Amino acid sequence: MSTQIVCSDPAGIEAALSCLRAGQLVAIPTETVYGLAGNAFEPEALAQIFAAKERPHFDPLIVHLSAVAGQSLGDLAQQQLIDLSQIPLPQQHALNRLIAYFWPGPMTLVLPRHQRVPDLVTSGLDTVGLRVPAHPVAQALLAASFPLAAPSANRFGRISPTSAQAVYAELAGRIPLILDGGPCAVGLESSIIGLQDQGLVLLRPGKICADQIERVSGLKCVPATAHPAEVRAPGMLKSHYAPRQDLRLFTDRSELQALAPRQGLLLLSPLDSALLSFCQQKETQLEILSQNGDLIEVSQHLFAALRRLDQADLAGLWAELPMAEAGLAHAICDRLTKAAAPKN
Ligand code: TXA
Ligand code: MG
């Protein structure tokens, strides 16, 4: 199969809609990362998603909705996506506040599913992941079609793509069409929120952090790491987002004294001149994620930089971790720690 990248003008969007309506897959831009989209209610399309990604069937898919379809829990129930009777009222109120505040946006809600949602989407779980993406191209597609199941458009366990070219590197020959919507504005996958006891649980950290979720929802939101024994979102598997090379993490730049020759080095901000000339002597390939350590910029550039280093002919990789473990820093640490974990 030949894979075409088309720009997301009206003709490109029309081409994508034709593919989707014919039961084929299209890689689409979202504000977080590119997704590999297919009709969420078409088992054939869902099977193709798992095949193209080489994704195991125990890993459920997120269903993406148009902004009109996802305005409240009542809407989701009416479209037979969720089973509202399984959600206690105080949690319903909290979820509606989250929906009103964060959708469209980088937030996925994992909620009791309606029986109509195919088992292939939920991997047989009794919950379904739902998200209303903010990207205008994703919204244009969703408004003109149907709910789209879309995992990140990478092969299983690899780095999520944040550009059309990165999708091509992952999936060329496996899908007909990639819709180019430019680089992703957030750059990290959505925050995933589930229900737990009377409160909420953050199953995957993202741009929206637990503090914000608590403030907006009025409920406690515990980190999923409080329950390490349970793997509730396979995005939580220890090795994920993995580059091919070994990756060493550091916080203190004095550790760079141990840098071997020909390493890739991912930095949150520029080096001082002494360290810079040391790295040059070592033929280090540098990736500076932000000129001033701004974590929004770091998130935007993280996966693309990791991908460039992974593709270069280097002896190993080093990455600098942000210091404060809150907000975006938490999400960045999460992704880098998983990228550095031994492959499983
Ligand atoms: O930002 C994002 O969320 C991107 C864009 C394309 O929307 N999508 C994405 O999908 O990251 P994926 O499949 O790569 O990661 C989704 C995660 C998976 O780890 C999956 O296990 C979890 O969401 N998930 C989906 N449904 C779930 C459910 N019912 N229960 C628990 N985890 C669920
Ligand atoms: Mg993924």
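**Exercise 1.** Find which residues Pro322 is in contact with, leaving aside its neighbours within four places in sequence, and decide whether Pro322 is buried or exposed.

*Solution.* Keep in mind that this is a predicted model.
- Step 1: Locate Pro322 in the loop that lies between strand E15 (316-320) and helix H11 (327-340).
- Step 2: Set aside the neighbours within four places in sequence; the contacts of Pro322 are then Leu268, Leu295, Ala329, Ile332 and Cys333.
- Step 3: Buried means under 20% relative accessible area. Pro322 has a relative accessibility of 5%, so it counts as buried.
- Step 4: Compare sequence with space: Leu267 is 55 residues away from Pro322 along the chain, yet their C-alpha atoms are 9.5 Å apart.

**Exercise 2.** Work out which strands stand at the edges of the open sheet, and why one side of each is left without a neighbour.

*Solution.* 
- Step 1: Write down the order of the 11 strands, E1-E8-E2-E3-E7-E4-E6-E5-E9-E10-E11, with mixed pairing.
- Step 2: Look at the two ends. Strand E1 (4-7) and strand E11 (221-223) each have a single partner strand, so one side of each has no neighbour in the sheet.
- Step 3: Now see what packs on the sheet: helix H8 (residues 210-217) touches E9, E10 and E11, and its direction makes about 150 degrees with that of E10.

**Exercise 3.** Name the residues that touch the most other members of the largest nonpolar core.

*Solution.* 
- Step 1: Among the 50 residues of this core, the answer is Leu76, Leu98, Leu111 and Leu130.
- Step 2: Take Leu98 as an example: the residues it touches include Trp103, Ile193 and Val216.
- Step 3: Look for a second, separate core; it has 25 residues, including Phe303 and Ile332.

Conventions
Residues numbered from 1 in each chain as written. Chains lettered and ligands numbered in written order. Predicted model: local features only at pLDDT ≥ 70, side-chain atom pairs only at ≥ 80, totals over all residues. Heavy atoms only, no water. Pairing = 2+ DSSP bridges. Helix = DSSP H or I, 4+ residues; strand = E, 2+ residues; numbered from the N terminus. Contact = heavy atoms within 4.5 Å. Axes fitted to C-alpha atoms, helices over the stretch in contact; angles between N-to-C directions. Buried < 20%, exposed > 50% of the residue type's maximum accessible area, 1.4 Å probe, protein only. Core = buried A, V, L, I, M, F, W, Y, C linked by side-chain atoms within 4.5 Å.
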